[in-house]
Amino acid sequence: QVQLVESGGGLVQPGGSLRLSCAASGSIFRINAMDWYRQAPGKERELVAAITMTSGSSTNYADSVKGRFTISRDNAKNTVYLQMNSLKPEDTAVYYCHARAILPRTDYWGKGTLVTVSS
């Protein structure tokens with residue numbers, strides 16, 4: 001099993017910044033990639049950013065957040081971060097951490113953290 005715990009959400013004004021954290025525990029050796037998704041009210045969950053856990057840390061971003069969000073990892077802390085800058089009201093959503101594990105292929109989700117961008 002893999003457990004994921006998100007933190008760092010909150011209320012921020014437009015143009016502000018937040019950093020989300022996702023701490024993984026359990027069978028972390030099975031994780032080969034981690035992602036951040038978000039779900040706004042009345043909308044489907046969408047992929048925001050992804051990072052591989054192999055050497056090289058390949059990353060991928062949704063077009064809507066490129067140049068504003070940065071995903072990174074700290075292997076020593078088993079934690080993945082999402083640095084969010086230049087936040088916009090349309091970034092308001094519940095942000096979920098997701099881990100893709102192998103052996104067997106399994107998806108794990110955190111409970112989510114709410115980000116509200118409003119003046």
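I call a residue buried under 20% relative accessible area, exposed over 50% and partly exposed in between (1.4 Å probe, protein chains only).

**Ground rules.** I am working with a predicted model, where local features need pLDDT of at least 70, side-chain atom pairs count only at pLDDT 80 or more, and totals for chains, interfaces and linings use all residues. Residues are numbered from 1 along each chain as its sequence is written, and side-chain values use heavy atoms, leaving out hydrogens and water.

**Salt bridges.** I looked for a side-chain nitrogen of Lys or Arg within 4 Å of a carboxyl oxygen of Asp or Glu, and the count came to six salt bridges. Arg 38 pairs with Glu 46, with the closest N and O atoms 2.7 Å apart. Is Arg 38 buried or exposed? Arg 38 is buried at 6%, while Glu 46 is partly exposed at 36%. I also noted Asp 35 with Arg 100, at 2.9 Å between the closest N and O atoms. Here Asp 35 is buried at 2%, and Arg 100 is partly exposed at 29%. Lys 66 and Asp 63 meet at 3.2 Å, N to O; Lys 66 is partly exposed at 49% and Asp 63 is exposed at 64%. Next I found that shared partners join Arg 38, Glu 46, Arg 68 and Asp 91 into one network of salt bridges.

**Charge over rings.** My test was NZ of Lys or CZ of Arg within 6 Å of the ring centre and within 35 degrees of the ring normal. Arg 45 has its charged end over the ring of Tyr 96, 3.8 Å from the centre. Arg 45 also lies over the face of Trp 109, 4.7 Å from the ring centre. I looked up Trp 109 too: it is partly exposed, at 38%.
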